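Please view the sequence and the structure before turning to the sections below.

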Amino acid sequence: MAQSKARSKVRGKLRVGLMPTPPDQPAGVELPSKPVTTFRWVSTALALALVLWSVLKIDAKWSRLIDAPGDMWTLCTVMFSSMEVNKISGLVGKMWESIAIAWLGTVIAALLAVPLSFLAADNLVGRPIAWVTRQVFNVLRAIPEIILALAFIPIFGLKPMAGVLAIGVGSVGTLGKLFYEVIEGINKGPVEAADAVGASRLQRLRWGVLPQVAPEITSFLLYRFEVNIRASAVLGVVGAGGIGSALAQALSFKDFGTAGLGLIIVVLGTIAVDTISGAVRRRIVAGSTPIVKPDLNDPTKFEARMDDFGGN
Amino acid sequence: MTTLDDAPPPVLPAKPGVSTFAVGGALIAAALTIVTARSVGFSLSEIITNFTRKNSPAEGLLHPDWGQIWSRRSRTAFIETLQLAVIGTAIGATSALPLALWSTTFGNPNRWLRMLVRSCNNVIRSIPDLLWALLFVTAVGIGALSGLLALFFFSLAVTTKLTSDTLDGIDMGPIEAANASGASLTQMLRTAVVPQILPSYTSFVLYNFELNLRASAVLGLVGAGGIGQRIEFFRGAGRWEELWGLVFMFFLVVFIVERISVTLRRRLI
Amino acid sequence: MIRFSNASVTYPNGVSAMKDLDLEIADGEFVVIVGLSGAGKSTLIRAVNGLVPLTSGELNVNGHDVHALNRAGLRDLRSDIGMIFQGFNLVDRTTVLKNVLMGRLHEVPTWRTLIGKYPQADIDIAARALARVEIIEKTYTRASDLSGGQRQRVGIARALAQDPSIILADEPVASLDPPTSHVVMRYLQQICRELGITTIVNLHFLDLATTYADRIIGLRDGVLVFDGPGSECDDTVFESIYGRSLTADDTMTKHGAL
């Protein structure tokens with residue numbers, strides 16, 4: 001097309017200064033030697049080897065992969081074509097139960113984590129105590145809520161309480177870690193000032209630490225609540241109450257219509273909570289200067305933010 | 001001193017009250033807590049009685065069977081969990097990069113397509129991993145393949161969100177330069193955008209792997225492969241000591257992997 | 001050749017940045033555009049390679065009606081026009097070489113770009129461009145490790161690597177100190193004279209304008225108010241372009257002395 005030849009006629013050959021040198025002349029410009037990047041090559045090779053080994057050795061029926069999209073499609077059509085309107089209120093009630101479990105669990109976790117986090121901040125209690133508390137947090141963070149739920153069900157029965165405690169205990173680790181990082185990130189200024197005027201430890205906390213830290217803590221709590229919604233939706237699968245149990249039951253009884261409806265309600269409910277919580281969080285943080293600046297290049301702070309997906 | 005006592009005290013400006021937003025928020029939170037506590041049947045006394053009562057899970061917790069590491073079946077399940085996590089991360093996290101790019105303004109000039117991609121991302125993100133596993137087990141059958149598919153979508157959810165957030169904060173300068181030199185959209189993304197986020201993105205992939213490792217441990221609870229199936233087996237049989245032994249051993253490994261991953265991530269930046 | 005005929009640009013927010021512009025720039029000219037902030041300098045420059053579309057009027061660049069070009073045609077046009085930015089617009093995390101190779105993107109097939117293996121011929125062109133701005137020893141240095149002046153030289157090399165017939169420079173020296181500014185302006189002038197590349201530069205330091213420009217174009221509120229050789233420009237002329245008396249900020253030497 002004539003339009004694509006927008007270049008001027010000179011472009012047939014390169015201009016003086018950028019022309020390749022004729023063969024009988026000495027070589028043109030030489031680039032300096034290229035630096036070596038062994039670490040990158042070795043680690044990429046290792047990663048690829050790991051992936052290759054996994055793909056070859058895993059005991060999965062790959063033949064089913066071809067049918068998988070079709071199977072999913074069939075499932076979806078069956079689920080969404082046989083939905084019954086009268087089931088909606090029941091399922092919404094179950095979703096509310098999941099939300100309630102998540103909220104209560106988060107509150108309990110916060111009540112437990114806030115005081116504990118002060119014990120983990122080394123600018124407040126000193127290294128040894130802080131270290132011990134932090135290891136406790138790490139252990140709690142590592143165990144998924146659902147396993148905790150498995151343990152709590154025999155104790156509390158197949159009731160929502162089991163779920164609440166599973167989420168509560170599970171979140172203490174993550175919240176505690178986030179909180180103590182916030183506490184450590186604060187300006188030492190007001191704390192020192194309180195110290196200088198002879199405030200007691202408790203007063204130091206109240207007037208030096210708390211005002212700086214309140215908006216950010218609230219924001220983290222809400223974020224954790226959003227994550228816990230997903231966890232609580234799932235806990236029902238093992239029987240700890242909420243919409244997960246309704247979904248699992250429906251699927252096992254091949255009541256696909258109800259399952260499809262339940263799925264939609266889960267998606268909508270989660271998105272709704274995310275939106276409201278997100279808006280509130282933005283409002284809170286907007287009115288304050290962030291103590292821990294979201295620094296995506298600092299892996300430690302990064303973990304604190306990313307843990308939001310973690311304890312599921 | 002005289003100067004402070006004589007004159008009438010100056011009038012202070014009106015004290016700013018605590019923001020109505022904060023007060024309202026606190027009230028709503030409190031109300032919500034009470035309402036939820038009621039509907040869930042929360043009772044502190046019940047908790048205490050139940051915890052102090054003799055029960056098998058707690059007893060098993062006190063005497064976990066550390067011998068689980070030697071059990072052949074547990075080891076096979078363990079390796080399967082590892083493999084699930086690796087493949088799920090490899091395919092899922094790598095697919096997340098183009099998906100995240102496709103949801104940005106500069107990566108996807110078509111407004112409707114962009115909204116479609118963003119909506120899909122939102123829906124995928126709101127389905128928890130175990131629910132994905134449940135769906136796939138129902139559609140495709142029990143086994144590692146369902147776990148793999150579930151982890152794929154879960155990885156997409158996690159990594160796309162993190163990558164999108166990072167993409168929101170990149171420097172637009174090189175993008176303008178690439179466009180001004182006549183590069184195509186793909187070339188512009190590859191040379192002006194990807195280098196900016198590559199360290200963060202790799203960090204996300206490593207993090208995703210950690211999450212997948214944990215997730216793949218529980219997927220077996222619904223039959224999607226991995227040690228979850230062993231856990232379910234022990235639970236059904238009431239063998240709490242072995243269950244806890246397995247759990248602790250596994251999560252010890254996860255913990256170690258996490259430490260390695262954090263050091264690797266630090267090295268990246 | 002670049003020709004604006006009765007060209008106007010009005011942004012969606014209502015701001016009129018170019019009003020009925022009639023301007024012709026011949027091949028190989030070295031043109032400097034001066035004017036206050038908001039006078040329309042950036043708009044004019046970005047209109048040439050189509051980054052800012054005209055609201056009315058015509059713009060003809062190298063024989064092509066810019067308005068009529070489709071996306072592929074615009075890319076072809078832009079590959080023939082190099083651009084240099086005030087903020088350098090380099091990819092900080094990658095090497096100088098990779099940055100300069102960005103100038104070859106239009107000519108290199110996409111699959112090669114994706115895996116990062118550029119043909120040797122294009123690498124040679126990049127090498128020559130780097131040699132021309134005398135920064136070849138920094139080829140494998142990360143862009144973020146360079147000084148401002150060095151970064152702008154890489155920017156020039158990137159534009160040169162395109163083998164363009166036109167170079168647009170939007171306030172190329174605004175972030176640089178006086179000696180470095182002169183170095184950069186001298187490179188631009190040399191490139192224009194030796195390679196015959198039409199060069200259009202936006203400047204807000206008037207003494208730089210008179211030192212380096214063959215032709216000066218003055219804009220005020222989107223209207224062309226002066227068009228003539230640099231020798232004709234003295235303080236009175238500049239004052240009429242700016243519509244106010246000159247301050248120390250308007251000349252680099254005086255500004256640098258502050």
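## Confidence in chain B

Within chain B, confidence is lowest in helix 1 (residues 2-6) of chain B, where the mean is 58, and highest in helix 9 (residues 173-180) of chain B, at 95. These values are pLDDT, the predictor's confidence in each residue, from 0 to 100. Chain B averages a pLDDT of 85, and 93% of the residues score at least 70. Where pLDDT is low, the predicted coordinates should not be read in detail.

The model is predicted: local features need pLDDT of at least 70, side-chain atom pairs count only at pLDDT 80 or more, and totals for chains, interfaces and linings use all residues. Residues are numbered from 1 along each chain as its sequence is written, while chains are lettered from A and ligands numbered from 1 in the order in which they are written.

## Architecture of chain B

Chain B has 12 helices and zero strands; helices (H or I, at least four residues) and strands (E, at least two) are DSSP runs, numbered from the N terminus. The radius of gyration of chain B is 27 Å, well over the 18 Å that the globule rule gives for 269 residues, so chain B is more spread out than a compact globule. That radius is taken over C-alpha atoms, and the globule rule is 2.2 Å times the number of residues to the power 0.38. Along its principal axes, the C-alpha trace of chain B spans about 85 × 70 × 35 Å.

Of the 269 residues of chain B, 48% count as buried. A residue is buried if 20 or more other C-beta atoms lie within 10 Å of its own, exposed if 12 or fewer, and partly exposed in between, with C-beta atoms placed from the backbone. B:Gly238 lies in the loop between helix 11 (227-237) and helix 12 (240-268) of chain B. With 11 C-beta neighbours inside 10 Å, B:Gly238 counts as exposed. The C-alpha atoms of B:Gly238 and B:Leu44 are separated by 27 Å, and the two residues are 194 residues apart along the chain.

## Contact between chains A and B

Here 56 residues of chain A are in contact with 58 residues of chain B; two residues are in contact if their C-beta atoms, placed from the backbone, lie within 7 Å. Helix 5 (residues 145-156) of chain A gives the most to the side of chain A that touches chain B, with seven residues. By class, that side of chain A has 41 nonpolar, six polar and nine charged residues. Ala, Val, Leu, Ile, Met, Phe, Trp, Tyr, Cys and Pro count as nonpolar, Asp, Glu, Lys and Arg as charged, and the others, Gly among them, as polar.

## Chain C and its contact with chain B

The contact between chains C and B takes 22 residues from chain C and 17 residues from chain B. On the side of chain C that touches chain B, the largest share, four residues, comes from helix 2 of chain C. By class, this side of chain C has eight nonpolar, 10 polar and four charged residues.

In chain C, four strands form an open sheet in the order 2-1-4-5, with antiparallel pairing. Two strands pair if DSSP finds at least two bridges between them. The edge strands are strand 2 (16-25) and strand 5 (64-65) of chain C, each of which pairs on one side only. Six bridges join strand 1 (residues 2-10) of chain C to strand 2 of chain C. C:Phe4 stands opposite C:Leu23 in strand 2 of chain C.
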